Amino acid sequence: MQCSIGFFNDIPMAVLFVTVAGGYAIGKLRVGPIGLGGVCGTLIVALLVGQTGCHMHGELKEVAFALFIFAMGYSGGPQFFANLNRSSLRFMLLPLIEAVAVLSIVLAATHFLHFDVGTAAGLAAGAATESAVVGTAAEALKHLGVTDAEAARLESNIATAYTLTYLVGLVSIVFFTSQLAPVLLRLNLREASHELAKRMEAASDDDVASQPALPRLVGRAYRVDGAAGLTVGELELGIGGRTTVMGLFRGNESIEPAADQLIERGDVLALIGVREKLVRAGELVGAEVLPPSVHADVLQLDERHVVINKPGINGRTLGDLGRSAAQQRLRAVWIQQIVRSGMSLPITRATRLQNGDRVTLVGTDPALATAASNLGTELRHTDATELVFLCIGILAGLAIGSLSVTVGGIPVSLGSGGGALLSGLLFGWLSFKRPGIGDMPPAAVQLLKDLGLAVFVACVGLSAGPDAIVLIKEHGAMLPLIGLAVSLVPACLSLWIGHQFLKIEGPLLVGAIAGQHVSTPAISAILAASQSSVPLLGYTVTYAIANVMLPVLGPIIVALAYRVG
C-alpha cells in the first residue's frame with residue numbers, strides 16, 4: 001500500500017480501517033427503509049480517499065473476497081438446494097427473468113453507448129444491488145488478456161459505476177415493490193395480505209404479524225361453567241387457533257383430556273394456545289383460576305430449537321405435519337417460530353418447511369423430544385470454527401475457478417470468486433446434512449461475509465483513484481438513467497409474468513420480486529406496508545436462488561461485454 005498522507009504513510013493499514021469504519025457509519029444513515037448500506041458507503045469513502053493518492057496493492061482484496069463469497073455460499077447452501085423442488089418451481093422463474101433482463105440491458109447499453117467492460121459490470125452490480133458481482137466481475141478481468149494497467153482501470157470503473165447506480169437501483173426497487181406494484185395489481189397490500197393469511201388458515205394475527213409479539217403461546221386455567229356438556233374436541237374447536245386442553249381436573253382426579261371426553265360443570269381445565277384466543281376463552285369456559293397445586297407443572301412449557309433436515313420434511317406444509325402429529329399423539333407440541341434467511345415466517349397451515357429452516361418448538365416432554373427428532377437436528381451451540389474445513393472449501397473453490405472453457409472464441413471461467421461460491425454451496429450443504437462436520441457458528445459466518453466484502457470493496461475503491469473522475473465525466477449522467485432501466489425492467493416483467501401466467505398471489509409476488517433483486521430494504525418496506533409477514537413466503541424462495549445466480553453474472557458480463565465492446 002502507498003499513501004501521500006503522512007500518518008497513513010507511517011501506518012499504511014490504518015487507511016483501510018478508516019475507510020471501512022467511515023463507510024459503514026455512512027451506510028447506517030437511513031430514510032425510512034432506505035439506507036446506503038455499509039458496502040456502498042465504504043466504496044464512496046474509498047473513492048474519496050483514493051483521490052489523495054492512497055492505494056492498496058497485493059493479494060489482500062483477493063483473500064478478502066474469497067472469504068466473503070465462500071461464506072455467502074456456505075450460509076445459503078441449504079436454502080438454495082431446498083428450493084430446487086416442484087413447489088418452488090413457479091417462483092424460480094423470477095430470478096431467471098432478473099438475470100436475463102439485466103444481462104440483456106447491460107449488453108445493449110454497452111453496444112450503443114460504448115461502455116467498457118468495467119462500466120458494464122459495475123452498472124449491473126449497482127442497479128441490481130448485488131454487491132457480490134463487483135468481486136466476481138473484477139476477478140474475471142484477469143482472463144481477458146489485457147495489461148495490468150488496463151485491468152486496474154477497468155476494475156476502478158466497476159467500483160465507480162456501482163457507486164453511481166446503487167442508490168438508483170435501491171430506491172427504485174423499494175418504491176416499486178412497496179408502492180407501485182400493488183397499484184398496478186389493483187390491490188390493497190395490507191388487506192390482500194390479511195385475506196391471504198386467512199385462506200392459509202393462520203391461527204391468529206400474531207402468527208402473521210410483520211413484527212410478531214412473543215410469546216405467542218400462553219397457558220391459563222379455567223373453572224368450567226358455560227362449557228359444561230361440551231367435549232374436549234368441541235371446546236378446542238370453539239376457542240379456535242391452536243388451543244389444546246392440556247389437563248382436565250375433576251375434584252382431586254386428573255382425567256385424560258381425550259377429544260371425546262365430556263366436560264362437566266366445576267371441572268378445571270388447563271389450556272395452552274395462542275394468546276389472543278385464550279384471553280377470550282373465559283367467555284366460553286368460565287372464570288379463570290389457578291390449576292391444582294399438585295398439577296401446576298401442566299402449564300410449564302419447554303422450548304427446543306431445531307434445524308429442519310430430516311428426509312420427507314422439506315416442502316411439507318404445517319397442515320400436513322399437524323395431521324401427522326395428531327396421528328402420533330403429539331398434540332402437546334407447537335411451532336412457535338420459523339426462521340429462514342434470517343427472517344421470521346408466518347405460521348399458517350399452508351406454510352411449507354424447507355431444509356435449513358430454524359424452527360422453535362414449544363411443548364411438554366416426551367412429546368416435545370419426539371417432535372424435535374422427527375423434524376431435524378437440535379441446534380448445536382459452538383463458538384469454534386473448523387478452520388481445516390474452511391480452508392479446504394476455499395482451496396476447492398480456487399481449483400474449480402481455475403478451470404476455463406472457450407465458447408465462441410470467448411474464454412469463460414467461474415474465476416476464484418465463482419468457484420469459491422460454488423464450493424461454499426456444496427460445503428454448506430454437506431455441513432447441514434452431516435451436523436458436526438465443518439462447524440461454523442452463524443456469527444462467524446456473518447463476520448466473514450461482512451468483513452470480507454468490506455475489505456474487498458475498500459481495496460477496490462482506494463485503487464480506483466483518479467480513474468473514477470474520468471468515468472464520471474464521460475458517463476456520469478447516463479449511468480443512473482440506464483441503472484433505472486436495469487432495476488425496473490426485470491421487476492416489471494416479473495410482475496406481469498408472475499400475475500398473468502404464473503398466477504402468483506399479489507402479496508407473495510411483490511415479496512418474490514424483492515427477493516429476485518436480493519433487496520432487504522425492499523422486503524422491509526413491503527412488510528411495513530402490509531403489516532404482515534405473508535410476503536416473506538415469496539421473498540425467501542427467490543432470494544435463495546438469486547443470491548447464487550446473480551453473482552455468476554459477473555464473469556458472464558465481463559466475457560460478453562468484452563466481445564460486444
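These legends walk through several close-up views of a predicted model.

Local features are taken from residues with pLDDT of at least 70 and side-chain atom pairs count only at pLDDT 80 or more, while totals for chains, interfaces and linings use all residues. Residues are numbered from 1 along each chain as its sequence is written, and side-chain values use heavy atoms, with hydrogens and water left out.

**View 1**
The chain averages a pLDDT of 86 (pLDDT is the predictor's confidence in each residue, from 0 to 100). A score of at least 70 is reached by 92% of the residues. Helices here are DSSP runs of H or I with at least four residues, strands are E runs of at least two, and both are numbered from the N terminus.

The strands come in the order 10-9-11-8-12, with antiparallel pairing. Strand 10 (343–344) and strand 12 (376–378) are the edge strands, each pairing on one side only. Two strands count as paired if DSSP finds at least two bridges between them. Inside the sheet, strand 9 (residues 333–340) and strand 11 (residues 358–363) run antiparallel and are joined by six bridges. One spot to look for is W334, whose bridge partner in strand 11 is V362. As background, strands of a sheet pair through backbone hydrogen bonds, either parallel or antiparallel.

R304 and E378 meet through their side chains in a salt bridge, 2.9 Å from N to O. The pair links distant parts of the chain, with R304 in strand 8 (residues 302–308) and E378 in strand 12, 74 residues apart. The rule for a salt bridge is a side-chain nitrogen of Lys or Arg within 4 Å of a carboxyl oxygen of Asp or Glu, and by this rule the count comes to twelve. R304 is partly exposed at 21% relative accessible area, and E378 is partly exposed too, at 37%. For these labels, buried means under 20% relative accessible area, exposed over 50%, and partly exposed in between (1.4 Å probe, protein chains only).

E288 sits in strand 7 (residues 288–289) and R220 in strand 3 (residues 217–223), so the pair ties together parts that are 68 residues apart in sequence. E288 is partly exposed, with a relative accessible area of 47%; R220 counts as partly exposed at 26%.

E150 forms a salt bridge with R153, and their closest N and O atoms are 2.8 Å apart. Because they are three residues apart in helix 8, E150 and R153 are separated by about one helical turn. Both are partly exposed, E150 at 26% and R153 at 30%. Further along the view, L180 also belongs to helix 8 (residues 148–184). L180 is partly exposed, with a relative accessible area of 34%, and together with F175, V183 and L184 it forms a nonpolar surface patch of about 390 Å² accessible area. Such patches take residues with over 30% relative accessible area and no salt bridge, joining like charges within 9 Å and nonpolar side chains (Val, Leu, Ile, Met, Phe, Trp, Tyr) within 5 Å. The areas come from the Shrake-Rupley method with a 1.4 Å probe, and for residues only the protein chains shown count as cover.

**View 1. Strand 4 and its two partners.**
Six of the seven residues of strand 4 (residues 244–250) are buried, so this strand is largely enclosed by the rest of the structure. Five bridges join strand 4 to strand 6 (residues 268–274), running antiparallel, and in strand 6 the bridge partner of F249 is V268. Strand 5 (residues 253–255) also runs antiparallel to strand 4, joined by three bridges, with L248 standing opposite I255. The hairpin of strand 4 and strand 5 has two residues between the strands, and G251 there takes a positive phi near 65°.

**View 2. S88, tucked into a loop.**
S88 lies in the loop between helix 4 (60–82) and helix 5 (89–113). S88 counts as buried, at 3% relative accessibility. Leaving aside neighbours within four places in sequence, S88 is in contact (heavy atoms within 4.5 Å) with N83, Q354 and V541.
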